[in-house]
Amino acid sequence: MLRRGRCPVTAAVITPARRDVLRRRIRIVVAITIAWNVVEAIVAVLAGTAASSAALIGFGLDSVVEVLSAAAVAWQFSAREPETREKTALRAIAVSFFALAAYVAVDAVLSLAGLREPEHSPVGIALAALSLVVMPFLSWFERRTGRELGSASAVADSKQTLICTYLSAALLVGLLLNSLFGWAWADSIAALVIAVFAVREGIEAWKGDECTAPVAVLTGEQNADHCEDGCCG
């Protein structure tokens, strides 16, 4: 059982062999996440530049934030005893959450003010749609493995991936609505909601307190009515 802040993060008793398998899975899924987001960042920035789309360029920068979060977990699990690096990894993930929230909020406000707005981009629409297929699976796999292993940092990183999935959805809806109806404000509203989630998750990752995380309840990582010491209510 790993204790962070007021609440414990509990893992089932597992054998050393099973623990090694889970750690290896974490390293694999993190490597895939990093590779995917590097490609996603390059494509989004290039497509955004070609279409003069601040939303697409920002989506590419968000992928860079996701790489930093995944890299923190990769660094943790490169150690012989990953638990000794958990607190530092959680802090790095928290910072990436705050950076994501700051970018999304600023971009949303600028878009609502009419200074920036998503433009039509077939490549951007295809990229956002593909991301909606890939990212939820990566988030689910890392969260499931992290829960069994009892790793708060792996679970926190999986939430980062999930939030990036929401951002993909917001980008896709915004690009489609803008292309079809000229509604440039739709993705800005969704982005502000995502920013709020990101700030909450960043605070909880910084504290290492997983049990009150709203996204954790949404994804099934945590049952809202189950907590050992009652601090999750």
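Me: How many residues does helix α4 have, and what distance does it reach from its first C-alpha to its last?
Reply: Happy to start there, with the reminder that this is a predicted model. Helix α4 covers residues 122-149, which gives 28 residues. At 1.5 Å a residue, 40 Å would be expected, and the helix comes close to that, with a reach of 41 Å.

Me: Where does α4 bend, and which proline follows?
Reply: The bend in α4 is about 30 degrees, and it falls at L132. Within four residues of that position comes a proline, P136.

Me: Which residue follows α4, and what is its phi?
Reply: A glycine comes after α4, namely G150. Its phi is positive, near 80 degrees.

Me: Why does the span of helix α5 agree with its number of residues?
Reply: Helix α5 runs over residues 152-181, so it has 30 residues. At 1.5 Å a residue, these should span 44 Å. The end C-alpha atoms of α5 agree with that, being apart by 43 Å.

Me: Is S158 buried or exposed, and why?
Reply: S158 sits in helix α5, which is mostly covered, with 23 of its 30 residues buried. Buried means under 20% relative accessible area. S158 has a relative accessible area of 1%, so it counts as buried.

Me: Which residues does S139 contact, leaving aside its neighbours within four places in sequence?
Reply: S139 belongs to helix α4 and is buried, with a relative accessible area of 1%. Seen from S158, the contacts are S139, E142 and R143, not counting residues up to four places away in sequence. Seen from S139, again leaving aside neighbours within four places, the contacts are S158, T161 and L162.

Me: Which element gives the largest share of the largest nonpolar core?
Reply: This core has 45 residues, and I26 and L171 touch the most other members. The elements giving two or more residues to it are α1 (16-50), α2 (54-76), α3 (86-112), α4, α5 and α6 (186-207). The largest share of the core is ten residues, and they come from α5.

Me: How many salt bridges does a search of the whole structure find, and which parts does the pair tie together?
Reply: The search finds one salt bridge. R18 forms it with E148, and the closest N and O atoms are 2.8 Å apart. R18 lies in α1 and E148 in α4, so the pair ties together parts that are apart in sequence by 130 residues.

Me: What pattern does the protein chain follow along the sequence?
Reply: The secondary structure comes to seven helices and two strands. Read along the sequence, the pattern is β-β-α-α-α-α-α-α-α.

Key. Residues numbered from 1 in each chain as written. Predicted model: local features only at pLDDT ≥ 70, side-chain atom pairs only at ≥ 80, totals over all residues. Heavy atoms only, no water. Expected span 1.5 Å × (residues − 1). Bend = angle between axes of the 7 residues up to and from the residue. Buried < 20%, exposed > 50% of the residue type's maximum accessible area, 1.4 Å probe, protein only. Contact = heavy atoms within 4.5 Å. Core = buried A, V, L, I, M, F, W, Y, C linked by side-chain atoms within 4.5 Å. Salt bridge = Lys/Arg side-chain N within 4 Å of Asp/Glu carboxyl O.
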